[in-house]
Amino acid sequence: MSDIVTLRSVVWQDNGADADASLRIIDQRKLPAALEYRDLRNADDVVDAIQTLSIRGANSIGAAGAFGYAFAVRDGLSSAEAFDKVSNARPTAVTLRHGVQRAADAFAAEGDWHAAVAAGERIIEEDIDECRRIGEVGAAELADAPRILTHCNTGILATAGIGTAIGVIYTKQALGQEVHVYSTETRPLRQGLRLTAWELAKNGIDVTALVDGAAPAALHNGLIDAVIVGADRIAANGDTANKIGTYSLAVAAHENHVPFYIAAPLSAVDASARSEQDIPIELRGGAEVLDAPGVDQNLPTWNPAFDVTPSYLITGIITPVGVLRAPYEESIKNALQQVQDE
Ligand code: MRU
């Protein structure tokens, strides 16, 4: 693979003294026009970066959340204050909450903010390994599916490793499998066009860009062998929240008999959410929707950042421990148990 695999979306920098430590992220708002880094130096910086999508993607914000918590307790917040401040930065990705919780548990055990930092570093290491395993499981499952449609960005930028859905694509390429990606634009913030098309092209993967509204026609016209997307939160029954527009892809895939996969680590599972009813969906401001010259900026908007795909539309959930299939209550519970036993 090219130089891009050396890019890291989130890197801890010790810098010698507690007060000088920083979390270096790629500023994803600037891509693809400019590859710029941003050094986050306290919890406010981390929360701002997460809320403005300077850092984004469920796995990346899970790792960033752990370091945000570490900064907060270093700077005198109580554990509960630090937990609330950082874990509430965005509501839908349960990975954020899980990342902050791991940092809080480490801090509680050792009473030292460095323990929370170490938890963040472990999250990064595990994510790298889990993305690699998701890639292997997914490439085996989709060995005979060269034409893949994906949505949003789930790659190097959205994780600490090679990605989840996009990790499957990189692994297919690395194994010499034929692969051509259809990348949806992903309105309103264009993660598919700005980030996915950029990182795939940089890595020598053939990519065709299409607007979100064209995806059902691509499926209907027989252009796609499989759809793979990521996850922000998977309920105990398999209902899955992901970037807005995922649900319509799943419906169109089902209608056209094209397999539809989620690829995610088990940290995306929220076992306390029984079904879609228990998944909070982030509503964002209207400016993102009204982003076109001359448009009345006072138009009412409805701008959910995510939607939920009911599990009956999902062919399989590609995880580091294998492909989970219906009935999901059972396969998810078994996978969580397997990991706990390891
Ligand atoms: O709003 P974003 O860009 O953070 O949304 C990201 C997604 O929906 C991804 O598909 C999901 O977080 C999985 S990333 C491995």
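So, what is the orientation of helix 5 and helix 6 to each other, roughly parallel or roughly perpendicular? Hold that thought for a moment while I cover the ground rules.

This is a predicted model, so local features need pLDDT of at least 70 and side-chain atom pairs count only at pLDDT 80 or more, while totals for chains, interfaces and linings use all residues. Residues are numbered from 1 along each chain as its sequence is written. Helices (H or I, at least four residues) and strands (E, at least two) are DSSP runs, numbered from the N terminus.

Okay, back to the helices. The axes of helix 5, residues 113-141, and helix 6, residues 165-174, come within 7 Å and cross at roughly 65 degrees. Axes here are lines fitted to C-alpha atoms, for helices over the stretch in contact, and angles run from 0 to 180 degrees between N-to-C directions. Helix 5 and helix 6 are therefore roughly perpendicular. On the cut-offs: under 35 degrees counts as roughly parallel, over 145 as roughly antiparallel, 65 to 115 as roughly perpendicular, and the rest as oblique. On the helix 5 side you've got C131, I134, G135, E136, G138 and A139, meeting G167, V168, Y170, T171 and K172 of helix 6. Contact means that the C-beta atoms, placed from the backbone, lie within 7 Å. By class that contact comes out as five nonpolar, four polar and two charged residues. For the classes, Ala, Val, Leu, Ile, Met, Phe, Trp, Tyr, Cys and Pro are nonpolar, Asp, Glu, Lys and Arg are charged, and the others, Gly among them, are polar.

Next pair: helix 1 (43-51) and helix 3 (79-87) pack at about 25 degrees, axes 9 Å apart. That makes helix 1 roughly parallel to helix 3. A43, V46 and V47 of helix 1 make the contact with A82, K85 and V86 of helix 3. Five of those are nonpolar, none polar and one charged.

Seven strands form an open, mixed sheet, in the order 6-5-4-7-10-13-14. Its edges are strand 6 (206-210) and strand 14 (322-324), each pairing on one side only. Two strands pair if DSSP finds at least two bridges between them. The twist averages 30 degrees from one strand to the next. Inside that sheet, strand 4 (147-150) and strand 7 (226-229) run parallel, joined by two bridges, and L149 has V227 as its bridge partner in strand 7. Helix 7, residues 191-202, lies across strands 4, 5 and 6, at about 165 degrees to strand 5.

There's also a four-strand open sheet, again mixed, ordered 11-8-9-12. Strand 9 (240-243) runs antiparallel to strand 12, with four bridges joining them; K243 stands opposite F306.

Most residues other than glycine have a negative phi, and most peptide bonds are trans. The L31 to P32 bond, though, is cis, with omega near 0 degrees, and R187 to P188 is cis as well, with omega near 5 degrees. P188 is in the loop between strand 5 and helix 7. And L53, not a glycine, has a positive phi of about 65 degrees; you'll find L53 in the loop between helix 1 and helix 2.

Terms used
Contact = placed C-beta atoms within 7 Å.
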